[in-house]
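Work through these exercises with the model open. Each task is followed by a stepwise solution.

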Amino acid sequence: MGTTASTAQQTVSASAPFEGLQGGGTMDGRHSLSVHSFQTPGLANSKAKSIIPNKVAPVVITYNCKEEFQIHDEPLKAHYTLGRLSDATPEHYLVQGRYFLVRDVAEKMDVLGTLRSCGAPNFRQVQGGLIVFGMGQPSLSGFRKVLQKLQKDGHKECIIFCVREEPVLFLRADEDFVPYTPRDKQNLHENLQGLGPGVQAESLELAIRKEIHDFAQLSENTYHVYHNTEDLRGEPHAVAIRGEDDIHVTEEVYKRPLFPQPTYRYHRLPLPEQGAPLEAQFDAFVSVIRETPGLLLLRDVHGPPPALLFSCQTGVGRTNLGMVLGTLILFHHSGTASRLEAVPPKTKPLPMEQLQVIQSFLHTVPQGRKMVEEVDRAITACAELHDLREVALENQKKLEGVRLDSPAQGSSSQHGVRQRAVWSLERYFYLIVFNYYLHEQYPLAFALSFSRWLCAHPELYRLPMTLSSAGPVAPGDLIAKGSLGLDDLVSPDALSTVREMGVANFRRVSRMPIYGTAQPSAKALGSILAYLTDAKRKLRQVVWVSLREEAVLECDGHSHSLRWPGPPMTADQLENLETQLKAHLNMPPPGTEGPRTHRFQMCLTMQEVFSQHRGACPGLTYHRIPVPDFCAPREEVVMKVVQLLPDGHRVKKEVDAALDTVSETMTPMHYHLREIIICTYRQAKAAKSEPEAQRLQLRSLQYLERYVCLVLFNAYLHLEKAGSWRRPFSTWMREVASKAGVYEILNHLGFPELESMEDQPFSRLRCRWQEQSHSLEPLAAGDFL
């Protein structure tokens, strides 16, 4: 028989594209990997009588007259890309058609000088005697030396975590295997980031190893790598690759030396270089701890806990994050989380509590201050090379400096400062949340995973929405940084009511005294109140609820709103901001220096506008309940709306019936809420650009979450009716709905019948809710519900 194999390219798929990963990628990026690999065995059957070539592949005719495809002995060169770093360097094949292979560790990275003595750069132990270690990336022989040191120091059991998310390949160098990583030509000093959901570094390393082996076959059993990309003299270096055994992947470098030591275990725990780990990454870490009896509070377990060793490229950022996680575990294991004396800090305590997200945590969580102090102790114990708390505060100070120096600046540098501030504070905050989880779940041997526990504490998901807020911002800076514009520009009159009522989209729900309208001016408000209280309608009480989430001012007879990039505000905060903005705009014009502000003859806050009309309409009351665009309102907001309505619970009908009734007030050109969910989803699939597709995908899920919230609220009305709704909706959601798994559903929100939800970061609560604190996008002409 002839060999049955095809020369068509074989694809190794990791379910997301690998192109475009360099730079701003995140763990939530949508990427896919496609690697061409080819096998090169010789022709298996020497009895083939003849070979007839065709366009597909040579056809082997055997004695039994069957046609079968034959594999080429030589890989197809057309599938590979050549490149060079400069005109002075030779051209060679690129990994994945784009990336150069660069030596992973340079001597200057070894700040502590432990590479020669211990086998790995920046090898160190947590201060205070806890058996938690960190190090940079070792070579194969270096890792063996690390193991010898740990054994010599008496550590009989150890768990080694490689926290790198990027692929690492180890090439033979004499008797050792030295690490290399793929780098992009545009950013040769940065590792590949954001492999995307479903892409595992281990699978990628295997695919690249096969690719390098194929390259070597085309280049006389050599492949070109780089040791110093800053000085290309003498670069690249040719490395001999005679077989795949000359290339190791990370798992082989760590697991092979551990094979004769069953009490030493290895795990790959990818952690992000920036920001906080995802819930799934916390779950993976907890899973390892839960499977280690020596780290649990079990009665029949004696002896010291196992040592914990964390390793990334330099042994600084991600290693430090892992060391803090391990230190928190040992704090709870030893029972000294509350009484352990902290290592004296190098400087005075940092004022982290001034940050709004930390203040909110302290007000939300019982004993929250104790949990924050424990995290601070753990960070201080691990701060020999990197202090997470100092970094977070320093980035916040830089952000405030940028705001003060150039509040109107929208450059990429300012965006980078803001992004780093958010990432570092997010990492610090989630360490506090993880410690809160340990307080509840460590005594229970982790009965709940971190992600499930977090779904039972949805209030913690809300807190990171204030990550970018370090304190109050001056009104002048807000005007310069935000966009103070006429509401007329963002309020299309789809229902043609401006001519009659003086305001856009004024309408009534059929057979109910419920009205909706765009933002009215003071003059239009008088017209509406006259209409509602005339002899035909005879309404004596009018409860006006403003749902605006941005500051609104009446300026020279026209309403203006301030949309600015920042976290959501409460009603009191918005009204205070409106008062400050009015005072700022009424100030005498400054000199020629400083940014120019809008100047008006008269400015009124919304409270002042409605106060002017209470004389003509004594039954008028005004309330401010901010509701975000497109998103589901917060639980407290839903309850406030109903409490304000006369007989609100009685008139509340079933959700779909109410939606149908409300939809009758709109024109046929506009969508029902249920329709707009799937319509927006289809628009996302048909979008021509990736940013537009992501924006529409997020919006479709926000609409879906809003619909789910309405259904939950209707269930609350039915179930709590007997108690006259004395229990607030927010409390009901926390005490009843969360325990029934509602937030777990919301944490996997999507359209599973249409697409895989694994590739959709916006399906998670954390990602959707944090988007609300990003820049507010202006309403488009078609955004009308």
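**Exercise 1.** How many salt bridges does the count come to?

Solution. The model is predicted. Take the rule: a side-chain nitrogen of Lys or Arg within 4 Å of a carboxyl oxygen of Asp or Glu. By this rule, the count is 27 salt bridges.

**Exercise 2.** Find the salt-bridge partner of glutamate 166, and decide whether the two residues are buried or exposed.

Solution. 
- Step 1. The partner is arginine 318, with the closest N and O atoms 2.8 Å apart.
- Step 2. Glutamate 166 sits in the loop between strand S11 (158-162) and strand S12 (169-173), and arginine 318 in helix H6 (residues 317-334). They are 152 residues apart.
- Step 3. Buried means under 20% relative accessible area. Glutamate 166 has 1%, so it is buried. Arginine 318 has 4%, so it is buried too.
- Step 4. Look for shared partners. Salt bridges join Asp104, Arg164, Glu166, Arg183, Glu273 and Arg318 into one network.

**Exercise 3.** Which glutamate pairs with arginine 452, and how accessible are the two residues?

Solution. 
- Step 1. Glutamate 744 is the partner, at 3.4 Å between the closest N and O atoms.
- Step 2. Arginine 452 lies in helix H11 (residues 450-455) and glutamate 744 in helix H24 (residues 742-746), 292 residues apart.
- Step 3. Arginine 452 is partly exposed at 43%. Glutamate 744 is partly exposed at 29%.

**Exercise 4.** Explain what the pair lysine 582 and glutamate 608 ties together.

Solution. 
- Step 1. Their side chains meet in a salt bridge of 2.8 Å, N to O.
- Step 2. Lysine 582 is in helix H16 (residues 571-585) and glutamate 608 in helix H17 (residues 606-612), so the bridge ties together parts 26 residues apart in sequence.
- Step 3. Glutamate 608 is partly exposed, at 29% relative accessibility.

Technical notes. Residues numbered from 1 in each chain as written. Predicted model: local features only at pLDDT ≥ 70, side-chain atom pairs only at ≥ 80, totals over all residues. Heavy atoms only, no water. Helix = DSSP H or I, 4+ residues; strand = E, 2+ residues; numbered from the N terminus. Buried < 20%, exposed > 50% of the residue type's maximum accessible area, 1.4 Å probe, protein only.
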